[in-house]
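The stops below are meant to be selected one after another.

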Amino acid sequence: MEKIILKPSKSSPKTGHCTSPVRVLLVDDHEVAREGLRKILHSESDIEIIGEADNVPDTLRLAAELKPQVVLTDIKISGTGGCELRQQLKTIYPPIKVIILTGYEAEQYATEALSSGMNGFLTKDCPLELLSNAIRVVACGGSVWQGNLLEIASKNLACFVNEKTVSRNMVNEYSSAAVSIIPQDVLSPRELEILIMVARGYTNKEISVNLDYAEITIKKYVKGIMTKLNVSNRTLAGIAAVKFGLV
């Protein structure tokens, strides 16, 4: 599937725009990568880089001291996986959100990232606008996955659940992911269409453009879908769609 690129008009507000600058901690063990990200994000007036780290101890220390809203990290940091780092960060500061930005083969790590509760997953060749908007959306409580990575990860995770090979803590976390509720039984045709787009990683804005609906209408649809499926977020709704063969 073609990667989704967000392109709001110049006159429209930025997708996921927050009322105050989003506080971001950059984590990458390559100085050149951090420098590049710093320069790129510096031009965004509502995103503030409050610190940088190239190893796990410094990342945990800065997270505790600075309390960033979002940590933007590579999938591998000094031998530690980004997913493991996310768990440590949540222990130190539970409200923290974590986005993986990786140059590695993304599909290889997508399922692990989904199962660990990652808030976002992007590749380093993603457009600048997608990166900055992802930071805003995640800071405001959303989840952003590039292209069809969520679909791939959801399918893999659904297979693990069906085969009962997933770890017990993952089963507990996703037992309420509507995998026991068949979307086709409770959703209208329009809701099913929107759910499929959610599972494929589309944002509310992108769905509104595709269906020619107001973005606030799509937001209400998505909220209603999650209520009917008894799930707490878009990612879990996407897992339900994949499990029951909608994507």
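Predicted model: local features only at pLDDT ≥ 70, side-chain atom pairs only at ≥ 80, totals over all residues.

**Stop 1: two helices.** Select residues 189-199, helix H9, together with residues 215-229, helix H11. Their axes lie 10 Å apart, and the helices pack at an angle of about 95 degrees. Because angles of 65 to 115 degrees count as roughly perpendicular, H9 is described as roughly perpendicular to H11.

Now show the side chains where the two helices meet. On the H9 side, pick Arg190, Glu191, Ile194, Leu195 and Val198. On the H11 side, the residues are Ile218, Tyr221, Val222, Ile225, Lys228 and Leu229. Colour this contact by residue class: 8 are nonpolar, 3 are charged and none is polar.

**Stop 2: Ser208.** Next select residues 204-211, helix H10, and find Ser208 within that helix. Is Ser208 buried or exposed? Its relative accessible area is 7%, and under 20% counts as buried, so Ser208 is buried. Leaving aside residues up to four places away in sequence, Ser208 touches Tyr213, Ala214, Glu215 and Ile218. Ile218 also belongs to the H11 side of the contact at the previous stop.

**Stop 3: the largest cavity.** How many cavities of 30 Å³ or more does the whole structure hold? The search finds 2, and the largest has a volume of about 70 Å³. To see its lining, select Ser143, Val144, Trp145, Leu150, Val198, Gly201, Tyr202, Arg234 and Thr235. By class, the lining has 5 nonpolar, 3 polar and 1 charged. Val198, one of the lining residues, is also among the H9 residues that meet H11.

Notes: Residues numbered from 1 in each chain as written. Heavy atoms only, no water. Helix = DSSP H or I, 4+ residues; strand = E, 2+ residues; numbered from the N terminus. Buried < 20%, exposed > 50% of the residue type's maximum accessible area, 1.4 Å probe, protein only. Contact = heavy atoms within 4.5 Å. 1 Å grid on protein atoms, 1.4 Å probe; cavity = no way out; pocket = protein on both sides within 12 Å on 5 of 7 lines; lining within 4 Å. Points joined across faces, edges and corners; volume = space filled by probe spheres on them. Nonpolar A, V, L, I, M, F, W, Y, C, P; charged D, E, K, R; others polar. Axes fitted to C-alpha atoms, helices over the stretch in contact; angles between N-to-C directions. Parallel < 35°, antiparallel > 145°, perpendicular 65-115°, else oblique.
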